[in-house]
Amino acid sequence: MTRAASQLVVGLDGARVRAVDSSRLIDDVVLLGHQLEDALWRAEAAGLPQRRAPALVVCGMGGSAIGADLARAIAGERLGGPLVTVRGDDPRPWLATGALVLCSSYSGATAETLACFDAARRAGADLVVATTGGPLAERARASGVPVIGIPQGLEPRCAVAYVTVAALAAAQSAGLVPDLADELAAAARTTTALAAQWGSDSPQNTGPKRLAGDLAGRVPVFHGIGLTAAAARRFKTQWNENAKLPAFWSELPEQNHNEICAWLGEAQTAGLAPVLLASELLAPPSRVRLQATAEALERAGFNPLLVEGGGATRAEQVLSLVLFGDLASVYAAVLAGRDPRPVAAITALKERLAAADSESS
């Protein structure tokens, strides 16, 4: 699934991975396929009512929001209306459209998502909640809002299967997508098989380990197009949270209308490394554009790395890329000598903001 000009990666044998990833975040990452199966059961058990809505608005932050982007990529042309991600505290103007609102928060205590829930309730919008509990679950149950339960004990970013399936279940409830349960179940089997190939004891030249090695000491910019765009965003955020390293993402064709100029300028001195996410399911014009972009980067002196999704369906392609990127980010953390689990910077910032809110109230 990758094409990269690299030699054997040193320092990513199983013993080294286990020593640095002492809290075993990788154990949650490799369970993506099993989590997809569990998420399908939980979504069905929630018993979401069938209704007709012109759009689905998913309100969430961080790892609780990415599921909406991935769901949109999986649905593709089968999506019968807008599936919008709101990363903030205000879902307007969508509340005036009659859209179904899904509030997604792993902890159930995300301030922005709680604000969106309250705004949607005041507007009389139909609501669904995906969470482990907390104030969000309490407000939902007090208001008779269906709750899709997510298991506790994970890092929010490791609940990607649950928030993705929740978004697709809500979209199906709104009549915006067909039932994709069989496709997701097949994707679960595919990602389980890939996890066995790419896990901590895999050869050091396996795809995710090789990508981590190729990007060591460099700042990656992950590029996606069409169904790979959401995965590019996921690669970036996992690189930030797990490896604690700078990374960016870019979406084609927009990149071709501005950012490409920067790559022809001083990107070499900035230590930037382009990574292109591809899929055999991309439409021919998108494949041509991706190839033309790679060629332009090569002419500028770069060696763009290519990561390709696997499988026969959109769900398999998107979710195999998610697994690949998640594992590569853990291996990048190991190469940097960092435990991938703690996110002290996020915790400290949330505490600072909570204190400011308390002082102002």
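1. Basis. This is a predicted model, in which local features need pLDDT of at least 70, side-chain atom pairs count only at pLDDT 80 or more, and totals for chains, interfaces and linings use all residues. Residues are numbered from 1 along each chain as its sequence is written, and side-chain values use heavy atoms, without hydrogens or water.

2. Overall shape. The protein chain holds 14 helices and ten strands. Both are DSSP runs numbered from the N terminus: helices are H or I with at least four residues, strands E with at least two. The C-alpha trace spans about 55 × 45 × 40 Å along its principal axes.

3. Burial. Of the 361 residues, 55% are buried. Buried means under 20% relative accessible area, exposed over 50%, and partly exposed in between, with a 1.4 Å probe and protein chains only.

4. Strand β5. This strand covers residues 127-131, and five of its five residues are buried. In a regular strand, side chains alternate between the two faces of the sheet. Here both faces are covered: L127, V129 and T131 lie on one side, V128 and A130 on the other.

5. Neighbours of β5. Strand β4 (residues 100-105) pairs with β5 in the parallel sense over five bridges. Pairing requires at least two DSSP bridges between the strands. C103 stands opposite V129 of β5. Strand β6 (residues 147-149) also runs parallel to β5, joined by three bridges. There, V129 stands opposite V147.

6. Crossovers. From β5 the chain passes through helix α6 (residues 134-142) to β6 in a right-handed β-α-β crossover. β4, helix α5 (residues 111-122) and β5 also form a right-handed β-α-β unit. Right-handed means that, with the strands pointing away from the viewer, the path from the first strand over the helix to the second runs clockwise.

7. Largest cavity. Its volume is about 50 Å³. A cavity is a set of points, on a 1 Å grid over the protein atoms alone, where a 1.4 Å probe fits but cannot get out; lining residues have an atom within 4 Å of a point. The lining includes D28, R157, C158 and D326. Helices α2 (25-29), α3 (32-45) and α10 (229-243) each give two or more residues to the lining.

Definitions and conventions. 1 Å grid on protein atoms, 1.4 Å probe; cavity = no way out; pocket = protein on both sides within 12 Å on 5 of 7 lines; lining within 4 Å. Points joined across faces, edges and corners; volume = space filled by probe spheres on them.
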